[in-house]
Amino acid sequence: MPDTNFDIIVVGGGPGGYVAAIRAAQLGMKAAVVERAHLGGICLNWGCIPTKALLRTSEIHHILQHLDDYGLSAKEVSFDIKKIVARSRGVAKQLSGGIGHLLKKNKVTVFDGHGKLNGGIAGARKLSVTKDGKPVADLVGKHIILATGARARTLPGMEPDGKTIWTYREAMVPDAMPKSLLVIGSGAIGIEFASFYRDMGAEVTVVEVLDRVLPVEDEEISAFAHKAFTKQGMKLLTGAKVASVKTSAKGAAVTVEAGGKSEVITVDKVIMAVGIVGNVEDIGLEGTKIKVDRAHVEIDQWCQTGEPGIYAIGDLVGPPWLAHKASHEGIICVEKIAGVKGVHPLDTGNIPGCTYCRPQVASVGMTEAAAKKAGHEVKVGRFPFMGNGKAIALGEPEGLVKTIFDAKTGEMLGAHMIGAEVTEMIQGYTVARTLETTEVELMHTVFPHPTLSEMMHESVLDAYGRAVHF
């Protein structure tokens, strides 16, 4: 029988949970992870990773449709959706297995089952673990970290049925390629699926209740994305809402209301992408001092809940709902518990956001509108992909890099990009913000040529009227 007493018990083995457990073990603490489904959580198994595998396929498929642009030709190009899905699932399985190896390597004990808080004793907390309703173990931990993640939000009367109305799970493993589909919601998840299916040949309609697609992004980037998606053949309905979805053996009839008018759109499938809600149910929060607001657990800057000895991280505690945010919270939480010197609270303004559609979108810090609303006098720089040699050589001349600075101090307030590989480029600006870099250091930085990253330099220069290549 495995030991049941630990310094730290983490409930949930996703990117927040397993990272927290490994960091605890590195700091000499006896750690355990309780996971009811798959190590790696939604991210590795049903989110970040397998969707990127799908999007890589659609990117290649798009390139194959334009081989003549590169002086190449190929005949009878086709695809097998079952093989596409199998590759995506294989990538997820490989990485999930790798997490198990990492936990074993760091001597973290893993319990396969559902964890639920079960009271406490002097200086410690109790947690019961069950599997299929049967007891697995009763654990005691000095500290317990809740990392139970979140699930797809649904709309009343439009609950996913797994056949015609999909969540992200069904959208990742289609039995056949739909000829048409409608995506409800134009956030990162919705737009990524819209991009994948459009590039694979489906007719795609996106319905967004707000006035623009990718609404959390800078308005200028959203407008650029809207134009690019429309050019690809997507139908984008903003300032619109889905009034009803009626399913049949043939597909779905979706009633969409916008501008005082109503229209019925008939599609094969509907993808629900209207946000997520935290998994707060059946984890033993009742009778504790833990507060829940709109399906998310409330925490302080160190991830401590209202109940002593119990912490929460990741999607469970609210936005931004990002794997890298969850991982960083896990490390902060554990290091604070361990008394590590120099631990800093998480600054969400330094968390980059990435959307892997085509063209890609990435950002960090404030939008231009948010910076002005916060009272900053701003200097804004822009540089188009069309002015960059590497972008033109790649055949990717559509895009924009935008940087925002405080006019008085030179602080970089935000950076926003759209175009090829910007999800890789954004980290340069993220490091700059973490180091509290001003425009001076960025101007003095030597960027390699020819690279896409040169546009980052030019955008900074442009904010101060010094752009060279535009």
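A salt bridge is taken here as a side-chain nitrogen of Lys or Arg within 4 Å of a carboxyl oxygen of Asp or Glu. I worked on a predicted model, where local features need pLDDT of at least 70, side-chain atom pairs count only at pLDDT 80 or more, and totals for chains, interfaces and linings use all residues. Residues are numbered from 1 along each chain as its sequence is written, and side-chain values use heavy atoms, with hydrogens and water left out.

Entry 1, salt bridges. I got a count of 20 salt bridges. I looked up K116 and found D282 as a partner, with the closest N and O atoms 3.1 Å apart. K116 lies in strand β4 (residues 114-121) and D282 in the loop between β16 (276-278) and β17 (292-293), so this pair ties together parts that are 166 residues apart in sequence. Strands (E, at least two residues) and helices (H or I, at least four) are DSSP runs, numbered from the N terminus.

I used relative accessible area with a 1.4 Å probe on protein chains only: buried is under 20%, exposed over 50%, partly exposed in between. K116 is partly exposed at 31%, and D282 is partly exposed at 42%.

I found R23 in a salt bridge with E335, the closest N and O atoms being 2.9 Å apart. R23 lies in helix α1 and E335 in helix α8, so the pair ties together parts that are 312 residues apart in sequence. E335 counts as buried, at 15% relative accessibility.

I noted a salt bridge from R294 to D293, at 3.3 Å between the closest N and O atoms. R294 is exposed at 71%, while D293 is partly exposed at 33%.
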